[in-house]
Amino acid sequence: MVSRMFRMETGVDKERLSLLRSRLAATNTAASPRLRALRGTADDQELPLALWALDAVGDLVAGLAGHTWGRWLHVDLLWVDDRCRGAGLGTRLLAEAERVAREERGCVASRVETWDFQAPGFYRGQGYELVCVIPDYPEGVKEFTLTKRLA
């Protein structure tokens, strides 16, 4: 084996980050027949999805932000103002996001990450199943990954 010296650098570099992403995508595409089949199709486009609940004066009281890719909905953020909890806004936002993902974007499943003090029980109540628990992420907190079949 040839021994080589490498220089390591830290710092944010948008050009290198773009190059890193494209090279990793190329490596993954070459390694996976499923990814090869997905590349260049409509399902390969990451599309944002956002829903907002506004009160009578137009103030934000709840919202959901996520994206679809690979026929999956990924719920990134779901928040309901404390004053509006219990009114079903979270359920309505999630159901609408799932409907849009399923009916308009052809998604077959959904995923979400949530912490133990947030909403794992809420997602289970909406039909999501626990697939992963990461303890101490961050320290003293558990992160849950949950998924749901949409089709």
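Trainee: How many nonpolar, polar and charged residues are in the lining of the second largest pocket?

Mentor: Six nonpolar, five polar and four charged. Ala, Val, Leu, Ile, Met, Phe, Trp, Tyr, Cys and Pro count as nonpolar, Asp, Glu, Lys and Arg as charged, and the others, Gly among them, as polar. Before we go on: this is a predicted model, where local features need pLDDT of at least 70, side-chain atom pairs count only at pLDDT 80 or more, and totals for chains, interfaces and linings use all residues. Residues are numbered from 1 along each chain as its sequence is written, and side-chain values use heavy atoms, with hydrogens and water left out.

Trainee: What makes something a pocket, and not a cavity?

Mentor: Picture a 1 Å grid over the protein atoms alone: a cavity is a set of points where a 1.4 Å probe fits but cannot get out, while a pocket is an open set with protein on both sides within 12 Å along at least five of seven lines. A residue counts as lining if it has an atom within 4 Å of a point. The second largest pocket holds about 280 Å³ of space, where volume is the space filled by probe spheres set on the points, and points are joined across faces, edges and corners. Of its 15 lining residues, the closest to the centre are L38, W69, G70, R71 and W72.

Trainee: And what is the volume of the largest pocket?

Mentor: About 540 Å³. It has 24 lining residues, with L78, W79, Q118, A119 and Y123 closest to its centre. Strand 3 gives the largest share of that lining, six residues.

Trainee: What makes D13 a cap for helix 1?

Mentor: A side-chain oxygen of D13 lies 3.1 Å from the backbone nitrogen of E15, at the helix's N-terminal end. A polar contact needs a pair of N or O atoms within 3.5 Å, one able to donate a hydrogen and the other to accept it, and sequence neighbours count only if both atoms are side-chain atoms.

Trainee: Why are strand 1 and strand 5 called edge strands?

Mentor: The open sheet has six strands in the order 1-2-3-4-6-5, with mixed pairing. Strand 1 (47-54) and strand 5 (129-134) each pair on one side only.

Trainee: What makes two strands pair?

Mentor: DSSP must find at least two bridges between them. Strand 1 and strand 2 have eight, in the antiparallel sense, and strand 2 and strand 3 are also antiparallel, with eight bridges. Strand 3 and strand 4 run parallel over four bridges, with V75 opposite V112.

Trainee: Which residues does a cis peptide bond join?

Mentor: Y137 and P138, with omega about -5 degrees. P138 sits in the loop between strand 5 and strand 6 (143-149).

Note on methods: Helices (H or I, at least four residues) and strands (E, at least two) are DSSP runs, numbered from the N terminus.
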